[in-house]
Amino acid sequence: MIKSALPYLFLFLGFVSCKHDQLTESAVEFNFSAPGIIYTGDSFLLSPSAALWMLSPDMGEVTPQHYYKAPSSLLNDSQQVVITATTTLRSMSKTMLIIKKDAYDTVISFTKTIMPLMTANCNFQGCHGNGSKAGKVDLHTYEATMNTVVKHQASKSLLYLSLIKPDPVRRMPPAGALHAYRIDYFKKWIEQGALNN
């Protein structure tokens, strides 16, 4: 009698488990929210239930603590950001407007700022230029550099991440860390869209 009832018990438990997951994900959908407007450099806490979603903004970043951090710099006075949230069952997006907090925020030039920094610190024999591709990374042209960059997202860009690694053995350049304000140039250039300007 008990053996014949076991398959039904497992079927029932599976049904309850699936319904629970669907209810949980439905509940999360109503709690995933974003403000309509945010300023550069600001952040806000996504709802705790956002932990059940895979969150991917098209600019800025989501921290492991479920904070959305807006980019510190924009090329234009304002720009829309889309945060896409996905689970195994569904996907949804929220759009908000990021407004430049500092009207005098400097536009970073690839030609005048980024390339000279890379030429002085990265693009030479044995490193990432002049025929060398240490770690398969080439930084001698804009096009080559873009293989290490995710536009608008410094936190996903190898170029920027290599400059801020805590381990001095793995941090670039090997001769010693760049000054913080120079690292900030790279961050802002990427956040502004990594233009070939």
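Is A194 buried or exposed? The relative accessibility of A194 is 0%, so this residue counts as buried (buried means under 20% relative accessible area, exposed over 50% and partly exposed in between, with a 1.4 Å probe and protein chains only). A194 is found in the segment after α5, where helices (H or I, at least four residues) and strands (E, at least two) are DSSP runs numbered from the N terminus. Although A194 is not a glycine, its phi is positive, at about 50°.

The structure is a predicted model, in which local features need pLDDT of at least 70 and side-chain atom pairs count only at pLDDT 80 or more, while totals for chains, interfaces and linings use all residues. Residues are numbered from 1 along each chain as its sequence is written, and side-chain values use heavy atoms, with hydrogens and water left out.

Two packed helices are described by the angle between their axes and the distance between the axes. Helix α2 (residues 110-121) and helix α5 (residues 180-191) have axes that come within 11 Å and cross at roughly 130°. Such axes are lines fitted to C-alpha atoms, for helices over the stretch in contact, and angles run from 0 to 180 degrees between N-to-C directions. The helices α2 and α5 are therefore oblique to each other; angles under 35 degrees count as roughly parallel, over 145 as roughly antiparallel, 65 to 115 as roughly perpendicular and the rest as oblique. On the side of α2, the contact is made by F110, T113, I114, L117 and M118, and on the side of α5 by R182, Y185, F186 and W189 (contact means heavy atoms within 4.5 Å). The residues of this contact divide into seven nonpolar, one polar and one charged. In this division, Ala, Val, Leu, Ile, Met, Phe, Trp, Tyr, Cys and Pro count as nonpolar, Asp, Glu, Lys and Arg as charged, and the others, Gly among them, as polar.

The strands come next. Strands of a sheet pair through backbone hydrogen bonds, either parallel or antiparallel. Here an open sheet is formed by four strands in the order β1-β7-β6-β3, with mixed pairing; two strands pair if DSSP finds at least two bridges between them. At the edges stand β1 (37-39) and β3 (54-57), each of which pairs on one side only. On average, neighbouring strands of this sheet are turned by 30° against each other, direction ignored. Between β1 and strand β7 (residues 91-99), the pairing is parallel and extends over three bridges. Y39 has I99 of β7 as its bridge partner.

Several loop residues complete the account. P64 lies in the loop between β4 (61-62) and β5 (67-69) and is exposed, with a relative accessible area of 73%. From C-alpha to C-alpha, P64 and A51 are 8.8 Å apart in space, and they are 13 residues apart in sequence. H152 is found in the loop between α3 (142-145) and α4; its relative accessibility is 18%, so H152 counts as buried. The phi of H152 is near 70°, a positive value in a residue other than glycine.

The loop between α4 (158-161) and α5 holds S162, which counts as buried because its relative accessibility is 13%. Leaving aside residues up to four places away in sequence, S162 touches R170, R171 and M172. M172 is joined to P173 by a cis peptide bond, with omega about -10°, and P173 is found in the loop between α4 and α5.
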